[in-house]
Amino acid sequence: MQTRNKIFDDLSQLMTNAMGVAQGARDEAQNAMKSLMDRWLADRDLVTREEFEAVRAMAQKAREENAALGARIAALEKAAGGTGTAPRKAAARPAAKASSRAAAKGAGKTAP
């Protein structure tokens, strides 16, 4: 009596080969799709995660420096004895111009 059947051996070998071919086709399709997606994303000019993280770190550093400079300006203004003189001068200028114009108009008139 024969313990191994030739038909079953051939069928088993055929299925093993078919699975190998299917696995190879799957890998090939996966590589082709990955390549297609990489090209599509590159054409869209999207940033990579590394670039995003680098810009994010730069923005965070800029915010921290901005806060430090704001605190330094506040300390310098406090040491100077006020909140700054620029807003007071800007408010005084329009009044000075208005009084100059009134004086110029009044100087051109003669008394009756």
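I began with arginine 26, which forms a salt bridge with aspartate 27, and the closest N and O atoms of this pair are 3.4 Å apart. I noted that the model is predicted, and I then looked up how open each partner is. Arginine 26 counts as partly exposed at 45% relative accessibility, and aspartate 27 is partly exposed as well, with a relative accessible area of 31%.

Next I turned to helix 1, which covers residues 6-43 and holds both aspartate 10 and lysine 6, four residues apart, or about one turn of the helix. These two residues form a salt bridge in which the closest N and O atoms are 3.6 Å apart. Lysine 6 is exposed, with a relative accessible area of 56%, whereas aspartate 10 counts as partly exposed at 41%.

I then looked up aspartate 38 and lysine 34, whose side chains meet in a salt bridge at 3.8 Å, N to O. They are four residues apart in helix 1, so about one helical turn separates them. Aspartate 38 is partly exposed at 42% relative accessible area, while lysine 34 is exposed at 55%.

I also found Arg49, Glu53 and Arg56 linked in a network of salt bridges, and my search of the whole structure gave five salt bridges.

Last, I looked at the protein as a whole. I recorded three helices and zero strands, with the elements running α-α-α from the N terminus on. Of the 112 residues, 0% count as buried, and the protein exposes about 10500 Å², of which carbon and sulfur atoms supply 62%.

Definitions and conventions:
Residues numbered from 1 in each chain as written. Predicted model: local features only at pLDDT ≥ 70, side-chain atom pairs only at ≥ 80, totals over all residues. Heavy atoms only, no water. Helix = DSSP H or I, 4+ residues; strand = E, 2+ residues; numbered from the N terminus. Buried < 20%, exposed > 50% of the residue type's maximum accessible area, 1.4 Å probe, protein only. Areas by Shrake-Rupley, 256 points an atom, 1.4 Å probe, with all protein chains shown as cover. Salt bridge = Lys/Arg side-chain N within 4 Å of Asp/Glu carboxyl O.
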